[in-house]
Amino acid sequence: MTRTDPLDVPHPDARLHLGVFFQGVNHWTVWSDPASGSQIDPANFRRVARTAERGLFDAFFLGEGLRLREVDGQIHDLDVAGRPDAITQLAALAAVTDRIGLVSTSNTTFNEPADLARRLSGLDLLSEGRAGWNVVTTDNAWTGANFRRGGYLDHADRYRRAEEFLTVARALWDGWTDAAVSDSAAAPAWAAPDAVRQVRHQGPQFDVDLAPTLPRSAQGHPVIFQAGDSGEGRDFAARNADVIFSAHGNDFDDALAFADDLRSRLRAVGRPEDDLRILPGTEIIIGATEEEALEKKRWIRLQQVTPATALGIAGLLWGLDLSGRDADGPLPKEDPVVAENDGSFGARRIADPRQVVAEWREKADANRWSLRETVIALGPQRGHVGTPERLADKFAHFVRHGAVDGFNVTPYLIPEGLDDIVDLLVPALQERGVYRTEYTGTTLREHLGLREPLTHRTATDRRQAG
């Protein structure tokens with residue numbers, strides 16, 4: 001791939017957007033390195049957010065954890081753990097940052113719109129228009145056990161609830177008119193007549209009757225993020241989201257197919273095909289040479305997938321307790337036990353573990369892999385590896401050909417994991433004209449180049465935008 005894109009690229013003026021994902025609970029953050037910091041120390045949150053802002057990132061993103069991961073009823077002590085309430089933590093970061101967006105992952109299954117909309121609106125006002133909301137759903141009984149009503153939603157029902165939740169939240173955010181509060185001490189009243197509208201909603205999930213308590217922020221609404229790869233998830237994003245996270249950011253052809261699919265769904269619901277920013281989650285590993293970067297990757301993977309972690313992951317696939325086995329030995333000879341996955345350890349449901357085990361055995365035999373090597377090789381393949389120059393060329397190709405709008409970066413080390421990206425990769429991207437050299441706006445919506453909130457657009461606006 002050459003450093004200069006051909007003149008016929010579809011989007012020659014496209015710019016790459018970057019966010020940082022501070023996970024909090026996971027085994028991908030290397031906790032065993034001497035440079036690794038606490039996942040709950042406020043200083044580390046500040047360090048990562050300020051580094052990202054120095055690198056002109058669009059957003060600092062926090063995950064959500066409603067229950068600690070477990071294996072066979074025991075707290076899984078191989079993960080790093082620590083996830084303060086996202087909105088509380090982001091409100092603190094608003095005071096020590098100036099431009100970077102602040103995105104909270106907040107669940108629609110186990111929250112209520114009147115409360116969550118108000119808290120998000122508060123963050124948006126405190127940060128002067130930098131708030132975002134990553135809308136997530138949960139349907140598993142394992143997480144639901146922490147709540148009185150339990151894990152009661154089927155997959156399709158959780159999106160119905162989420163959509164109704166968003167409808168109520170947006171009505172609350174729109175409850176104050178523009179210029180509702182007087183800007184003059186000589187005005188006859190503090191607020192204009194009928195400046196605050198009562199929100200009344202009755203639906204299958206929510207019955208709301210209240211007057212919103214907060215005005216709009218500088219960006220109108222918090223920016224709506226969403227991560228969903230199923231058909232229902234993609235349709236939900238096309239109807240509702242400003243930004244979508246995805247797992248389709250490693251291979252160019254796969255990323256472009258995902259982006260084209262989303263664009264077709266946007267057109268189907270009457271939105272412009274460029275109305276949704278696509279930011280796949282990724283890990284970026286940088287070396288001075290390609291060989292150094294690959295060696296660094298090998299070391300990182302061994303730290304991320306320790307012997308005990310490898311046995312835990314394989315045990316979930318086999319449905320067996322493998323904790324006493326040798327992770328550097330062969331795969332288990334036993335057949336997998338087919339059982340319902342309750343979501344513990346944050347594991348995804350596997351439709352047919354017997355088929356997956358057969359594939360693992362075939363490839364492990366062919367490559368003479370140990371169990372641990374198999375878990376690393378056949379587990380989630382995440383991220384981009386290379387020199388700053390090579391990665392900058394690669395990312396410029398991705399964004400200028402419409403495969404992505406940027407990436408949400410998960411550092412493999414906290415708090416230093418962004419340093420190479422900010423100090424080495426960002427300048428290389430700027431040299432290629434594919435990354436901003438300064439913030440040109442003050443709100444998250446402006447950073448992402450988004451249009452006004454969906455509920456503020458008329459039918460004419462939609463036609464003209466298209």
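**Exercise 1. Find the volume and lining of the second largest pocket.**

Step 1. The second largest pocket holds about 360 Å³ of space. A pocket is an open set of points on a 1 Å grid over the protein atoms alone, where a 1.4 Å probe fits, with protein on both sides within 12 Å along at least five of seven lines. Its volume is the space filled by probe spheres set on the points, joined across faces, edges and corners.

Step 2. Its lining has 17 residues; lining residues have an atom within 4 Å of a point. H11, A14, D274, R277 and D405 lie nearest the centre.

Step 3. Helix 7 (252–268) and strand 11 (277–278) each give two or more residues to this lining. Helices (H or I, at least four residues) and strands (E, at least two) are DSSP runs, numbered from the N terminus.

The model is predicted: local features need pLDDT of at least 70, side-chain atom pairs need 80 or more, and totals for chains, interfaces and linings use all residues. Residues are numbered from 1 along each chain as its sequence is written, and side-chain values use heavy atoms, without hydrogens and water.

**Exercise 2. Describe the whole chain.**

Step 1. Count the elements: 15 helices and 15 strands.

Step 2. Take the extent. The C-alpha trace spans about 80 × 55 × 45 Å along its principal axes.

Step 3. Check burial. Of the 466 residues, 52% are buried, meaning under 20% relative accessible area (1.4 Å probe, protein chains only).

Step 4. Look at contacts (heavy atoms within 4.5 Å). Among those between residues at least 6 apart in sequence, 75% join residues at least 24 apart.

How values were computed: Buried < 20%, exposed > 50% of the residue type's maximum accessible area, 1.4 Å probe, protein only.
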